[in-house]
Amino acid sequence: MRLLRSRFLQAVLILVLAFVILRFGIRPPAPWSVLTLYLAIIFMAVMVFVSSDRDSWRSFIGPIWTTLVRPERRPLRIALVIVIPLLVGYYAYTQAAAKPQAPPELRAVHPAPPASIQFRNKEFNISGAENPLRKDAAKFREHVSKGGEIYIRNCVYCHGDNLDGKGHFAPGFNPPPANFQDPGTIAMLQEAFLFWRIAKGGPGLPKESTPWNSVMPPWEDRLTEEQIWQVIMYLYDATGQQPRRWEASEHASH
Amino acid sequence: MPRRSCDCGNKRVFREGFPIVTFARRAVWLLVFCGVALTVLAVLPVDAQTAQNAAKEPAYRAFPVFGSRLAVWAVAQLHLNFAAFILGVPIFAVIIEAIGWRTGEARYDWLSHELVKLTFAAFSTTALLGAFLLFLFVGYYPKFWTYMTSIFFPTYWVYALLFFAETFTVYLWYYGWNWLSGSRKWIHVGLGVLSNLFGTAILVVANSWVTFMMSPAGIDESGALKGGVWAAINNYTWMPINIHRLIANIVFGGTICGAYAAFRFLGAQTQEERARYDWMGYIGNFIALSAFIVLPFAGYYLGREIYAFNQTMGITMMGGFMSWLWIIQAILIGVLFLGSNYYLWLGMERIPGSERYRKYVPPMLIILTVGFMIWATPRSMVVTLDEARAMGGTHHPLLGFFGVMSAKNTVVNLMILTTFLSFVLYRRANKIPTKSWVKTGMAIQWAAFAAAAGVVVFYGVYGYFVESIIRIGFSVYQVLAVLAAIVLVMAIDIPMFKGARTTGQIRWGTIAPHSQYVLILLAVTFTWLMGLMGFARSGIRQHWHVYGVLRDSSVDAATPALGYAANVITVVTLAFFALVLFIFWLGGLGERGAAEVHGHAAPVIAGGRDDMRA
């Protein structure tokens, strides 16, 4: 138990435990980029923990100091001189070695929509636009049903019959098609945003943050305005999500 | 030069005189700047003929080697750093002076003078950088500058006049320190207040230009002013920026003063000097931390207004190509929270009796660390294709919950509460309350903490079950709960510890030296953060000088990549600290010279008494 009171050992145990929990305790596994970020923060916190008072700091550096200077620790020193460079070298190798897949990329969460688009030679304002089909509540089911047909006919191949982005063609794409079941996708967006994405597809994405690597086709030539609104209604209805509403303008005086 | 003396409160304070040559040199610099500014104002095109002539001018000129954008960016950022410092520090300098005046504690007067001395040294540099920036705009972006002038010309005069008023008030405030002491101290404090009012007015005028570029208002389809200039000034982002910058300036000023104190502490030759600068560093950190606690709320207000002005701009900032900046921002703010608390915990070592509170450090550290991790969790992660497939997309089914605002607002509020708890424990470290109602008071305080944390967590979790538009409003309840807890706890704490029994004096100057590097780290981190967030604010205009009105058609119209921007900001931050270090060094040099003449340097001993804490 006396050994456990050593700050150095405590620090090492916390780091090892944190790694084990984060690496093996989260399912599906956390991406390596996030794991590294978490471990860096925990390392910082551990350093704060061991150095936040003098006694603790002395207890932490004691074993390091004795390992570096005490004659009887020479075998350990030699072992560390061999093992540490090997570990660093192995890590460098894993980072630099060519892999059969594309390296990970920074991706933007949502592309910023333009204020307006040209839809079939008509100016269409994205900002503030509402789904006109929702005004007629009596026809809601009819629109959703038609939207479902449109989805099955055109979208299911990539976005999947569960709307989870796992369609037949999905394994061929990187990044994978959008998962509409994820509360971080369509639930965060206004319907007008979806209208823009469906109408203009990958080629209509803004120049910022390129390359987008999107294979989403522009549907404006294949679907009418009404059909696009219908399929949007289906997406929200089938996933149980609510579209984001526009905020009321509070700045009429500006 | 003979030593002059002043009677500040109940202690006698000595201060060196200031060579008239220094005064004259500064006055000359000031006159040069004002002359340049007036010359530029005089030659600006204001009538139709000169406007036509201006139209024949090239829209852009190329700055040699670096390019115009980089030149303007670097100089503007440097100017802003110095301006933030000289506008932020006097705000708390005058408060500290007023405390010294009312309590009769001479060390507060010394500290206030020391702070103003620092800003004074930076005054000319700020003015010169401002003039340089003006030259760059006029010379390299003439079309843009002509347009801005067509909108804001009346404000230039206001700005110049305010600058005169600010300069001479600060001069009088600084040089009249001894003259306006004793019974005339109230006039001196009044001058400090006045200089702050002028300084803040300068800030809001300059902010109107910057915010107009982001969210133009008061103009017609062609971009010309429709009515009065007020409509252009009072645009969507003007007031949020005013508030955000004012608070951020105080934080920034506090961290720089903390870094200055650390610099002096590390180079101190005597225990007395170490004690003085240890105390000054503590005050700097305290000020920075106090203002920093409310800064996220001001930032949130600014973000909301950006969204309200233009949805596209808002998405570009938070969800589009600027979104990764917020992860870097989260990491930097996490470092600031962790660093500030760490400094307080290290500082408790110099307080006898603080051992009672050490047991709180690990749980507080755990809350801060978990909060930091959640805050830094990206919504859309950097993943390989295999990882993405395992997760079912770029959003992790579990960690993805940490990537949205519900989680982030929750943890930042808990981190603020934890930091406040750190401060409360520090404050009472060597005190034992003697009031009869201590138990009740303590119980109410803990209940206030628990209730605030409960409200924050409740709305954080509930936010996942409501639509976005409702969720946004929850952040207000969370903020109000935290602020209410802070107010309530302090309202109980102050009377509860009044006349408390002490467990020993604070041993100023005995703090672990590595704590001073934390102060320097906080200053560097905050400066870097300011540059980074400034890039985000400016960069969301993308290829527009004035958003939606005046397009950027220069060779630099593309928005810089984040890596490039981070490199530029790093170099500018290094340049800023090199200049600041030079100013710090000059400050020390002046004192050494004075010490040779007078036999000793700054005479006021700060600290040493247990009731002398802020």
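pLDDT is the predictor's confidence in each residue, from 0 to 100. This is a predicted model, in which local features need pLDDT of at least 70, side-chain atom pairs count only at pLDDT 80 or more, and totals for chains, interfaces and linings use all residues. Residues are numbered from 1 along each chain as its sequence is written, and chains are lettered from A in the order in which they are written.

Chain B averages a pLDDT of 86, with 86% of its residues scoring at least 70. Over residues 1-21 of chain B, the pLDDT is below 50. It stays under 50 over residues 595-614 of chain B as well. Where pLDDT is low, the predicted coordinates should not be read in detail. For the complex, the predictor gives an ipTM of 0.84 and a pTM of 0.83.

Turn to a helix pair in chain B. Helices are DSSP runs (H or I, at least four residues), numbered from the N terminus. The axes of H14 (residues 405-427) and H15 (residues 438-462) of chain B come within 8 Å and cross at roughly 170°. Axes are lines fitted to C-alpha atoms over the stretch in contact, and angles run from 0 to 180 degrees between N-to-C directions. Angles over 145 degrees count as roughly antiparallel, so H14(B) is roughly antiparallel to H15(B). Residues are in contact if their C-beta atoms, placed from the backbone, lie within 7 Å. Among those making this contact are B:Leu414 and B:Leu417 of H14(B), and B:Phe449 and B:Val456 of H15(B).

Now the interface. 59 residues of chain B are in contact with 52 residues of chain A. Helices H10 (311-318), H11 (323-348), H12 (361-375), H13 (385-391) and H16 (468-496) of chain B each supply at least two residues of the side that touches chain A.

Terms used: Contact = placed C-beta atoms within 7 Å. Parallel < 35°, antiparallel > 145°, perpendicular 65-115°, else oblique.
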